Amino acid sequence: MAAFARLGFLDYRCLPLLLSLLIVFVHGDDINSHEIVTEIDDQVTDDDNCNLFQGSWVFYNSSSNPLYDSSCPFIGGGFDCQKNGRPDNDYLNYRWQPNGCELPRFNGTDFLERYRNKKILFVGDSLSNNMWRSLICILYAATPSQNYTFGAQKLLSTFSLPDYGVSVNWLKNGFLVDLAYERIGKVLKLDSISSGKLWLGADVLIFNSFHWWTHTGRLQTWDYFRYGSMTVKEMDHMEAYKIAMTTWGNWVDKNIDPSKTRVFFQGIAAVHLNAKEWNDTDHRDCRQQTEPLMGSTYPGPAVPGEAILKSVISNMTKPAYLLDITLLTQLRKDGHPSIYAGGGPKFNDCSHWCLAGVPDTWNQLLYAILLQN
């Protein structure tokens, strides 16, 4: 497999306070929590020229696409664009075409057999929730009996298929490192992970953390940074992110046995808040976008977090695979809920993703990588 690809994320500083609060309501980002075309081959081409994360989107109108529909009971209100009145549906009919190889279609039955009696755990923010709900909808659609359990307790959301003994869970944790409530206020402890015991015992761990780190002013969900004995009101947020992700990497190196647990990091998904970035002078942002950007390059700016995350993962002693979803999401300006997130026409969500939709490809990439090992 080619070396880790680049990743990116756009700055959230331009989000108004109302948008942040509505995202909390619609998608469950609790600010006070820790937080074509041809038939697809069964296997990814084993070729050094294959890079799963470099490619383009191609239109693929097929009865087998998407992998599930809005009848899935786990989509969640903020992601259910069709039920929320989105009038177009071409965004459901694009397939990611990597350069130099084919991406296998997600075979839900095969996945369940491979992970019979196994535990899969997502740890991260509402974009982890986006990917988790996509995966459980794919698996639900693949099970004829549809015998399942589904629930939530505090920060842990659970889904299991007893016929296979498979559990796929999501633990909400937007920073991965500790957010402590102290007399002076909420302290983001960059070198401390006390909740890691909750991550142990999974056969597959899929981490995510980035977009909370870009918040500033009234949007940020902490009052102070702490690193060692130093407590400060402000510091460069990307420097803080680097320290925190290094703390996470050290935790994995110390606590994970690669023979028992596969570790992934869900890369940074793009937002589309400024249409000028893709040279669109007719629109302001992701609203009324109905097709992807064609080609394999995004004309917008680079992302400050991409090099940080790539560097941290490449320096870890235990293997962690980066699902570098940045480019494929940058190209999908059409894939967001926009005004169809359930918050009314004044609420415009250009950061999360419709389901069914783009996150299904993230899970196809996960499946492709798991097939190779």
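## Overall composition

The protein chain of this predicted model folds into seven helices and 13 strands, where helices (H or I, at least four residues) and strands (E, at least two) are DSSP runs numbered from the N terminus. Of its 373 residues, 59% are buried, a term that stands for under 20% relative accessible area with a 1.4 Å probe, protein chains only. The accessible surface comes to about 15500 Å², and carbon and sulfur atoms account for 48% of that area; accessible areas come from the Shrake-Rupley method with a 1.4 Å probe.

Because the model is predicted, local features need pLDDT of at least 70 and side-chain atom pairs count only at pLDDT 80 or more, whereas totals for chains, interfaces and linings use all residues. Residues are numbered from 1 along each chain as its sequence is written, and side-chain values use heavy atoms, with hydrogens and water left out.

Strand S5 (residues 156-161) and strand S6 (residues 166-172) are antiparallel partners joined over four bridges, and Leu-156 stands opposite Leu-171 in S6. Elsewhere in the sheet, S9 and S12 pair in the parallel sense over four bridges, with Val-204 opposite Arg-262 in S12. S12 also pairs with S13, again in the parallel sense, over three bridges, and the bridge partner of Phe-265 in S13 is Leu-322. Strand S12 is mostly covered, since four of its five residues are buried.

Angles run from 0 to 180 degrees between N-to-C directions, with axes being lines fitted to C-alpha atoms, for helices over the stretch in contact.

Helix H7 (residues 358-371) also packs with helix H3 (residues 126-141), at an angle of about 75° and with the axes 8 Å apart. H3 and H7 are therefore roughly perpendicular to each other, the term covering angles of 65 to 115 degrees. From H3 the contact (heavy atoms within 4.5 Å) draws on Leu-127, Asn-130, Met-131, Ser-134, Leu-135 and Ile-138, and from H7 on Pro-359, Asp-360, Trp-362, Asn-363 and Leu-366. These residues divide into seven nonpolar, three polar and one charged; Ala, Val, Leu, Ile, Met, Phe, Trp, Tyr, Cys and Pro count as nonpolar, Asp, Glu, Lys and Arg as charged, and the others, Gly among them, as polar.

## Strands S8, S10 and S11

Strand S8 (residues 185-189) and strand S10 (residues 224-227) run parallel and are joined by three bridges, with Lys-189 opposite Arg-226 in S10. S10 pairs in the antiparallel sense with strand S11 (residues 230-232), over three bridges, and in S11 the bridge partner of Arg-226 is Thr-231. S10 and S11 form a hairpin with two residues between them, and Gly-228 in the turn has a positive phi of about 65°.

Definitions and conventions
Buried < 20%, exposed > 50% of the residue type's maximum accessible area, 1.4 Å probe, protein only. Parallel < 35°, antiparallel > 145°, perpendicular 65-115°, else oblique. Pairing = 2+ DSSP bridges.
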